[in-house]
Amino acid sequence: MNFDRNKVEMVKRQYPVGTRIRLNSLCNDGRGMPAGLCGTVIGVDDQPSLLMKWDNGRTLSLFPGEDNFTVIMQEHEEIDEKSVNARLYDKLDQEQAKYMRTFLLQPPQEMLDNAWEYAIRLDILEALEDHELDCEQAEALLKLPDTMDVLARAVLDQNNMHVYMIIGAIEDKADELVDEQSAHQPGRF
């Protein structure tokens, strides 16, 4: 099969892997491919056609010059990413407020038993206040009925890692004190 290597390279430069595209219309039968559907370029073949991963799960290729589509500008994607992360944070904050209302109604001993989970939930909110997930991650978490509960369980399941961090901090402080005390002992230089 003959193909124009220069044309393939030009299409690869114009639509690099990761480019987001919004479909306007297809030149052939586009059942299940509505106008407005978005997808991501995952490669370019020797036709050259754009190998796509569509947000609806399909993998139908696009033919530049034949199919009608629009490249979604990067700045719009960043705004969408911030928006989805803001929605995720709001959802988690609401779920935490509901948990807190229940938590405060517990008897004192039960509150003590559940204090660690409460603290973890607050740490999750704080972590996501300063860190944004990619759109796919945030969207996946938004689809859960009780996202905060799932995340808190995931962190609690890795409880040992937290213990190792605490032990490491204790050992670092102890080493620092040993060095300071050794420096102040008479006869040491």
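Analyst: A residue is called buried under 20% relative accessible area, exposed over 50% and partly exposed in between (1.4 Å probe, protein chains only). The model is predicted, so local features need pLDDT of at least 70 and side-chain atom pairs pLDDT 80 or more, whereas totals for chains, interfaces and linings use all residues. Residues are numbered from 1 along each chain as its sequence is written, and side-chain values use heavy atoms, without hydrogens and water.

User: Why does tyrosine 15 count as buried?

Analyst: Tyrosine 15 has 10% relative accessibility, and the limit is under 20%; therefore tyrosine 15 counts as buried.

User: What makes the aromatic pair of tyrosine 15 and phenylalanine 69 edge-to-face or stacked?

Analyst: Rings of Phe, Tyr and Trp (its six-membered ring) pair if their centres lie within 6.5 Å, with planes under 30 degrees apart stacked, over 60 edge-to-face and the rest tilted. Tyrosine 15 and phenylalanine 69 are 5.6 Å apart centre to centre, with 65° between the planes, and are therefore edge-to-face. The pair links distant parts of the chain, 54 residues apart: tyrosine 15 is in the loop between H1 and E1, and phenylalanine 69 is in strand E4 (residues 68-71). Helices (H or I, at least four residues) and strands (E, at least two) are DSSP runs, numbered from the N terminus. Phenylalanine 69, at 14% relative accessible area, is also buried.

User: How is the pair of phenylalanine 103 and tyrosine 118 classified, and on what values?

Analyst: The centres are 4.7 Å apart and the planes 10° apart, and the pair is stacked. Phenylalanine 103 lies in helix H2 (residues 74-104) and tyrosine 118 in helix H3, so the pair ties together parts 15 residues apart in sequence. Tyr99, Phe103 and Tyr118 form one aromatic cluster.

User: Why are H3 and H5 described as roughly perpendicular?

Analyst: The axes of helix H3 (residues 108-130) and helix H5 (residues 147-157) come within 9 Å and cross at roughly 110°. Angles of 65 to 115 degrees count as roughly perpendicular, under 35 as roughly parallel, over 145 as roughly antiparallel and the rest as oblique; H3 and H5 are therefore roughly perpendicular to each other. Their contact (heavy atoms within 4.5 Å) involves residues including Trp116 and Ile120 of H3 and Met148 and Leu151 of H5.

User: Which residues have the most contacts inside the largest nonpolar core?

Analyst: A nonpolar core joins buried Ala, Val, Leu, Ile, Met, Phe, Trp, Tyr and Cys residues through side-chain atoms within 4.5 Å. The largest has 15 residues, and Tyr15, Ile21, Leu50, Met52, Trp54 and Leu62 have the most contacts inside it. Strand E3 supplies the largest share, three residues.

Key: Axes are lines fitted to C-alpha atoms, for helices over the stretch in contact, and angles run from 0 to 180 degrees between N-to-C directions.
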